Amino acid sequence: MSCLWAFPEVAGAKHAGITRHYKFNIKLTNVTRLCHTKSMVTVNGKFPGPRVVAREGDRLVVKVVNHVPNNISIHWHGIRQLQSGWADGPAYITQCPIQTNQTYVYNFTITGQRGTLFWHAHLSWLRASVYGPLIILPKRNVSYPFAKPHKEVTIMLGEWFNADTEAVISQALQTGGGPNVSEAYTFNGLPGPLYNCSENRILEYETSSNSTAFKPTLPPINATNAVTNFTRKLRSLANSRFPVNVPQTVDKKFFFTVGLGNSPCPKNQTCQGPNGTKFAASVNNISMALPSSALLQSYFFKKSNGVYTSGFPSFPLHPFNYTGTPPNNTLVANGTKLVVLPFNTSVEVVMQGTSIFGAESHPLHLHGFNFYVVGEGFGNFDPNNDPKNFNLVDPVERNTVGVPTAGWVAIRFHADNPGS
Ligand SMILES: [Cu+2]
């Protein structure tokens, strides 16, 4: 969170929001971490990038000018983008990427939300260096629903790679193996003091004579039970000021498997994925192929022929024991498939992690909507019994949720945002 007094305000607009302008110059900058200097794609030469601050109800106008050889786009993570899908940012979904020496203006109004989000590049791995905070203050003379703290500090979590991150992901896609891992985790772009050749202090206490730093006792890093018990207690405020609008009935149910599969190795090539094939991530066994033009654009101009097809499966075509022994055939299908929902459909999505090539937790994120997390569990989702325990009273409202390792999570939302 930012210092609440540090940002200039335009006088006069008491209730209606104001328009705030930002300029993002995408440029290469030399950055040194862990005694290693490299040229990186940045916004305005900063890593992490500049903070964007607005109030609930304001309009943000961000002019992005691309001065680097890479194509790029910027996504405003968690912004509802009510009827402003053109400004959402995922490349090849809502827009074609911004080419070298080209400009794109993101223009959207922040409606019905406040808190700290972030923005990041949304093409390939450029987000490794192109990201920054996006702070939404409550409307003027309105407070957050918690006591004002003594001080607020924004902390952005990230990773530092000594290598060029575009080279890391292109090598992984080429060989079909997992991508090389980063050299360090970072807070606000800085590796902590535990890494070699890092002098960055993360947190230091100014200790007065009558107080010492309080060190909490924490469960071990792999204490799944402790973490699960904690997160399952989280609830929405569910009061008149912050009501819960979770769908009580559902028009459309989806069951998505989420996890890994593989693709054949191209001829005359050696691959480093499972048994000499390529790793492929998939949902309901469809691994997404990026189209050559943007999905929203091709829909809007009625030129979707050859860009995407409808008929993304609502359920797995070949059910299996998702968290047990994997099936013999783990090959994915590649495609650009989607589902079209009528306006105001109430939707339930159960996301089921699979154990193919190892179970792991996948964070899943929805663009253009917040959703309610109504249930979660380990093992396979039981459609007969698990829904009885769904929380339809005060579930947490989120834009991202982790699918538990070898488990499932159920979300609900109203599809009330055309174009998202
Ligand atoms: Cu997002």
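Reader: Where is Pro-48 found?
Author: Pro-48 is in the loop between β2 and β3. Keep in mind that this is a predicted model.

Reader: What kind of peptide bond joins Phe-47 and Pro-48?
Author: A cis one. Its omega is about -10 degrees. As a rule, most peptide bonds are trans, and most residues other than glycine have a negative phi.

Reader: On phi, then. What is the phi of Gln-83?
Author: It is positive, about 55 degrees, although Gln-83 is not a glycine. Gln-83 sits in the loop between β5 and β6.

Reader: And Ala-238, what's its phi?
Author: Near 50 degrees, again a positive value in a residue other than glycine. Ala-238 lies in the loop between α2 (224-231) and β12 (252-263).

Reader: Why does Ala-238 count as partly exposed?
Author: Because it has 14 other C-beta atoms within 10 Å. Gln-83 is partly exposed too, with 15. To be buried, a residue needs 20 or more.

Reader: New topic. What's the strand order in the open sheet of four strands?
Author: The order is β2-β1-β4-β6, and the pairing is mixed.

Reader: Which are the edge strands?
Author: β2 (36-43) and β6 (103-109). Each of them pairs on one side only.

Reader: How much are neighbouring strands of this sheet turned against each other?
Author: By 25 degrees on average, direction ignored.

Reader: In which sense do β4 and β6 pair?
Author: Antiparallel, over seven bridges. Strand β4 covers residues 59-66. Leu-60 stands opposite Phe-108 in β6. Val-65 has Thr-103 as its bridge partner in β6.

Reader: What about β1 and β4, parallel or antiparallel?
Author: Parallel, over eight bridges. His-21 stands opposite Val-61 in β4.

Reader: Which residues are on the covered face of β4?
Author: Leu-60, Val-62, Val-64 and Asn-66. The uncovered face has Arg-59, Val-61, Lys-63 and Val-65.

Reader: On to the cores. How many residues are in the largest nonpolar core?
Author: There are 41. Val-64, Tyr-106, Trp-119 and Leu-126 have the most contacts inside it. In general, nonpolar side chains of soluble globular proteins tend to be buried together.

Reader: Which strands supply at least two residues of this core?
Author: β1 (19-33), β2, β3 (52-55), β4, β5 (74-77), β6, β7 (115-121) and β8 (131-137) each do. β8 gives the most, with five residues.

Reader: Back to Leu-126. What is it in contact with?
Author: Leaving aside neighbours within four places in sequence, Leu-126 contacts Val-41, Asn-70, Ile-72 and Ala-121.

Reader: What does the second, separate core include?
Author: It has 27 residues, including Phe-279, Val-283, Met-351 and Val-374.

Reader: Now Ser-73. Buried or exposed?
Author: Ser-73 is buried, because 25 other C-beta atoms lie within 10 Å. Its place is in the loop between β4 and β5.

Reader: What is Ser-73 in contact with, beyond its neighbours within four places in sequence?
Author: Among its contacts are Gly-89, Pro-90, Gln-95, Ile-98, Ala-121 and His-122.

Reader: How is the protein chain divided into domains?
Author: Into domain 1 (19-175) and domain 2 (252-415). Their centres, taken over C-alpha atoms, are 25 Å apart.

Reader: Last stop, Val-373. Where is its place?
Author: In strand β20 (residues 371-378).

Reader: Why does Val-373 count as buried?
Author: Because it has 22 C-beta neighbours inside 10 Å, and the cut-off for buried is 20 or more.

Reader: And which residues is Val-373 in contact with?
Author: Leaving out neighbours within four places in sequence, they are Pro-395, Val-396, Arg-398, Val-401, Val-409 and Ile-411.

Reader: How far is Val-373 from Thr-400?
Author: Their C-alpha atoms are separated by 9.6 Å, and the two residues are 27 residues apart along the chain.

Technical notes. Residues numbered from 1 in each chain as written. Predicted model: local features only at pLDDT ≥ 70, side-chain atom pairs only at ≥ 80, totals over all residues. Pairing = 2+ DSSP bridges. Axes fitted to C-alpha atoms, helices over the stretch in contact; angles between N-to-C directions. Buried ≥ 20, exposed ≤ 12 C-beta atoms within 10 Å, placed from the backbone. Contact = placed C-beta atoms within 7 Å. Domains from an automatic or database assignment. Core = buried A, V, L, I, M, F, W, Y, C linked by C-beta atoms within 7 Å.
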